[in-house]
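User: I would like to learn how the features of a protein model are read, one at a time. Please give the general idea before each case.

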Amino acid sequence: MSNFLMVIFPYRYEDTWVFDDKAVGLEKEPFVCGIPQMIDNLVENIPNADMGFKLIFSQNPFPGYQAELIHSQEEYGGHWYRWQEKEKEGWLCPALFRYFNLVPNKIYCKAEKLSRK
């Protein structure tokens, strides 16, 4: 994968955080197993985040990142990551490999408000 920074646009669908990314063949891909709680922390200061927000992520730190997720273990083809600062852990499913060729040791991320016109 060639991008240093990647972006997706999660939103709530039937009380679950999901995202669409036609470029990699995903539609209403759900976040599960602890990741929704991490997202809730990331967006706590974004009004109407349920309607959608921008999630920027990278395997390298970037200015203004909010969370450093550290890889802890593999399970069922997905990977567990720990957000030590918030004492949270979540599982990223194999869709992770739509964005990274290899399992990143760390993932840095930041949530931003969408600019609505």
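User: Leaving aside neighbours within four places in sequence, which residues is I107 in contact with?

Analyst: This is a predicted model, in which local features need pLDDT of at least 70 and side-chain atom pairs count only at pLDDT 80 or more, whereas totals for chains, interfaces and linings use all residues. Residues are numbered from 1 along each chain as its sequence is written, and side-chain values use heavy atoms, with hydrogens and water left out. Contact means heavy atoms within 4.5 Å. On that basis I107 is in contact with F57, S58, A67, E68, L69, Y81, L92, L96 and F100, leaving aside its neighbours within four places in sequence.

User: How is a nonpolar core read, and which members of the largest one touch the most other members?

Analyst: In soluble globular proteins, nonpolar side chains tend to be buried together. A nonpolar core is a set of buried Ala, Val, Leu, Ile, Met, Phe, Trp, Tyr and Cys residues joined through side-chain atoms within 4.5 Å. Buried means under 20% relative accessible area, exposed over 50%, and partly exposed in between, with a 1.4 Å probe and protein chains only. The largest nonpolar core here has 31 residues, and L42, V43, F53, F57, L69, Y99 and I107 touch the most other members. Among the elements that give two or more residues to this core are β1 (6–8), β3 (16–21), α1 (35–42) and β9 (106–112). The element that gives the most is α1, with four residues.

User: How are such elements assigned, and how many helices and strands has the protein?

Analyst: Helices (H or I, at least four residues) and strands (E, at least two) are DSSP runs, numbered from the N terminus. The protein has one helix and nine strands, and from the N terminus on they run β-β-β-β-α-β-β-β-β-β.

User: What does the radius of gyration say about the overall form?

Analyst: The radius of gyration is taken over C-alpha atoms, and the globule rule is 2.2 Å times the number of residues to the power 0.38. For 117 residues a compact globule would have a value near 13 Å, and the protein agrees with this, at 13 Å. Along the principal axes, the C-alpha atoms fill a box of roughly 40 × 30 × 30 Å. Buried residues make up 41% of the 117 residues. Of the contacts with a separation of 6 or more, 61% come from residues 24 or more positions apart.

User: How is a salt bridge read, and how many are counted by the rule?

Analyst: Side chains of opposite charge can pair when their charged atoms come close. The rule asks for a side-chain nitrogen of Lys or Arg within 4 Å of a carboxyl oxygen of Asp or Glu. The count comes to five salt bridges. One of them joins D40 and R12 at 2.8 Å, N to O. Because D40 lies in helix α1 and R12 in strand β2, this pair ties together parts that are 28 residues apart in sequence. R12 is partly exposed, with a relative accessible area of 26%. R12 also meets D50 in a salt bridge of 3.2 Å, N to O. D50 is in the loop between α1 and β5, so this second pair ties together parts that are 38 residues apart in sequence. Another salt bridge, of 3.4 Å, N to O, joins K110 and E112. Salt bridges that share partners join R12, D40 and D50 into one network.

User: Is D21 buried or exposed, and which side chain does D21 join in a polar contact?

Analyst: For charge, Lys and Arg count as positive and Asp and Glu as negative, while His and the chain ends are not counted. D21, in strand β3, is buried yet has no salt bridge, and the nearest side chain of opposite charge, R98, is 8.7 Å away. A polar contact is a pair of N or O atoms within 3.5 Å; within protein, one must be able to donate a hydrogen and the other to accept it, and residues adjacent in sequence count only if both atoms are side-chain atoms. Such a contact, of 2.6 Å, joins the side chains of D21 and Y99.

User: Which backbone atoms does the side chain of Q66 reach?

Analyst: Q66 is found in the loop between β5 and β6. A polar atom of the Q66 side chain lies 3.3 Å from the backbone oxygen of L42, and the Q66 side chain reaches the backbone nitrogen of A111 at 2.5 Å.
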